[in-house]
Amino acid sequence: MITSKTIARFRDLPTPFYFYDLDVLHSTCQKVLEESGKAGFKVHYAVKANPNPRILKIISSYGFGADCVSYNEIERAISCGFEHSETVFAGVGKTDRDIEAALEADILCYNCESIPEMEVINSIAKKHNKVATIALRINPYIEAHTHKYITTGVAESKFGVNTWELKEVLERLKSLQNLNLKGIHFHIGSQITKMSVFKSLCSRINDLQELISSQNIDLEIINVGGGLGIDYGNPEKAPRFEEYFSLIREFVKLRPDQKLHFEPGRSLVGQCGSLISKVLYIKSGSNTTFAIIDAGMTDLIRPALYQAVHKIENLTSNGKAVRYDVVGPVCESADSFAKYIELPETRRGDLIAIRSAGAYGEAMASRYNLRDLPGVVFSDEI
Ligand SMILES: *Cc1c(COP(=O)(O)O)cnc(C)c1O
């Protein structure tokens, strides 16, 4: 929680910085552990959502595995306590170097997305005299009802193998001797808030299972990916894990000896982070008043990239409500956090919190305009 004591400490710190509330992170992990444990699910945290080492160490301490999209992520995850044997590797464009390094690290599974990729993994495994375990990422053609940039399972998506080529893929796999197909994998998008979307995914999974078992292939792993959304309007609210896990458990028809795998990213870390910034100037525009803050799209790109809306709070004013456009200092018109929102009357030097910024915030920070990267402060340090 951001208390008045925390705010007093914030005043002495250079802004902007990410503030991570570790109590929130722990309680989220605990909840996921309980809910997934009840049903015997395996959880692999999607490292790309927030690869901060301290965050990773906390998440790995709950015994979760890691879902990585580059070898650098695999290396970071393992150095922060994740087991190599509980690490999966996804992505449409795995490089030869990444594949080779992952093979040496002895990871659990490659989530494969195309025949050419499987051929490369097979030949690298052959060279090393190894057999690589894979799961097939399948594009299930399900509209995730989220922003188009974070929709990944529709016909135009670059991700996964198409259902119409599935038979051909399974046929091709028979001749790839250094690959061992253990599962199927799906990830249809991110920030999904309609539970009915996950229900559609389950019924598609059941159909695909019929098709695959008709080819006499037994699968051990059904990996439903990540995507569970959080409530950006209410940063204090925990994600709907209970509803989500029980829905998947109810609707996926598991066969004997099959295990469900999950890859939550945003839902694990989103609500534990806030971006703390200071107001530089209040400037009158022709139709609006700008609150120009010292955090910009280089610190948190989600509003510019996905029109994401984060809750914004002025931590240091309790004046009467006034409307502002809250913008950053970067030389891009997209560098805007909110338009025409109500804040208590705001002045130069006020502290602003952009909430629910724990996922895809610090992870996506850049040095555009040669700006400094944002700082990081943990709740147990202040
Ligand atoms: C990004 C990603 C995830 C995590 O998605 P969230 O929406 O953050 O839960 C899971 N699996 C794969 C393959 C991903 O690319």
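Me: How far does a polar side-chain atom of Lys48 lie from an oxygen atom of the ligand?
Reply: This is a predicted model, where local features need pLDDT of at least 70, side-chain atom pairs count only at pLDDT 80 or more, and totals for chains, interfaces and linings use all residues. Residues are numbered from 1 along each chain as its sequence is written, and side-chain values use heavy atoms, with hydrogens and water left out. A polar contact here is a pair of N or O atoms within 3.5 Å. For Lys48, the distance to a ligand oxygen is 2.7 Å.

Me: Which residues are closest to the ligand?
Reply: A residue counts as near if one of its heavy atoms lies within 4 Å. The ligand is surrounded by 15 residues. The closest are Lys48, Ser190, Glu263, Arg266 and Tyr360.

Me: And how far is a polar side-chain atom of Ser190 from an oxygen atom of the ligand?
Reply: Tyr360 also puts a polar side-chain atom by a ligand oxygen, at 2.6 Å. For Ser190, the value is 2.3 Å.

Me: Where does the ligand sit?
Reply: A pocket is an open set of points on a 1 Å grid over the protein atoms alone, where a 1.4 Å probe fits, with protein on both sides within 12 Å along at least five of seven lines; lining residues have an atom within 4 Å of a point. To sit in one, a molecule needs more than half of its atoms within 2 Å of its grid points. By that test, the ligand's place is the largest pocket.

Me: Which residues lie nearest the centre of the largest pocket?
Reply: The lining draws at least three residues from each of domain 1 (4–17 + 271–381) and domain 2 (23–269), with bounds from an automatic or database domain assignment. It has 40 residues, and nearest the centre are Lys48, Tyr149, Thr152, Phe159 and His187.

Note on methods: Polar contact = N/O pair within 3.5 Å; in protein donor to acceptor, adjacent residues only side chain to side chain.
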